[in-house]
Amino acid sequence: MTATIRPAVNNNGTSRVDLVDQRRAIIDACDALVGALRAATPNGRDYPGETERLHADRETHYVRIKIVQDLREAVFAEALSIQQGSN
């Protein structure tokens, strides 16, 4: 995943609460996206007689889900770091 974003919480900047809330919104959006992606997982009935293509498309789809899950975990770590004041 990408490098962690670590804002410097200070009196002139965005509050710690707002920074954490922004990340919570991203986490919620990632959770919703993963749910939508799971619902759209390629199904064998849409690939009659094309087992290899089904497996290839599923692998591509699972990579997409993993990307979103990794993003969620990175943003969660940022939120935790900000909330704990370790930035």
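Modeller: One term before we start. Buried means under 20% relative accessible area, exposed means over 50%, and partly exposed is in between, using a 1.4 Å probe and protein chains only.

Colleague: Fine. What am I looking at, and how is it numbered?

Modeller: This is a predicted model, where local features need pLDDT of at least 70, side-chain atom pairs count only at pLDDT 80 or more, and totals for chains, interfaces and linings use all residues. Residues are numbered from 1 along each chain as its sequence is written, and side-chain values use heavy atoms, with hydrogens and water left out.

Colleague: Let's take E78. Buried or exposed?

Modeller: E78 counts as buried, because its relative accessibility is 7%. The residue sits in helix α2. Helices here are DSSP runs of H or I with at least four residues, strands are runs of E with at least two, and both are numbered from the N terminus.

Colleague: What is E78 in contact with?

Modeller: Contact means heavy atoms within 4.5 Å. Setting aside neighbours within four places in sequence, E78 touches A3, T4, I5 and R23. R23 is also one of the buried residues of α1.

Colleague: Which other residues of α1 are buried?

Modeller: The buried residues of α1 also include L19, V20, I27, C30, V34 and L37. They pack against α2, residues 51-84.

Colleague: How many residues does α1 have?

Modeller: Helix α1 covers residues 16-39, which is 24 residues. From first C-alpha to last it reaches 35 Å, close to the 34 Å expected at 1.5 Å a residue. The expected span is 1.5 Å times one less than the number of residues.

Colleague: At what angle do α1 and α2 pack?

Modeller: About 165°, with the axes 9 Å apart. That makes α1 roughly antiparallel to α2. Angles over 145 degrees count as roughly antiparallel, under 35 as roughly parallel, 65 to 115 as roughly perpendicular, and the rest as oblique. Axes are lines fitted to C-alpha atoms, for helices over the stretch in contact, and angles run from 0 to 180 degrees between N-to-C directions.

Colleague: New topic. Is H61 buried or exposed?

Modeller: H61 is buried, with a relative accessible area of 6%. It lies in α2. Leaving aside neighbours within four places in sequence, H61 contacts L37, R38, A40, T41 and P42.

Colleague: And where is A56?

Modeller: A56 is in helix α2 too. A56 is partly exposed, at 43% relative accessible area. Its C-alpha is 9.8 Å from that of P42, 14 residues apart along the chain.
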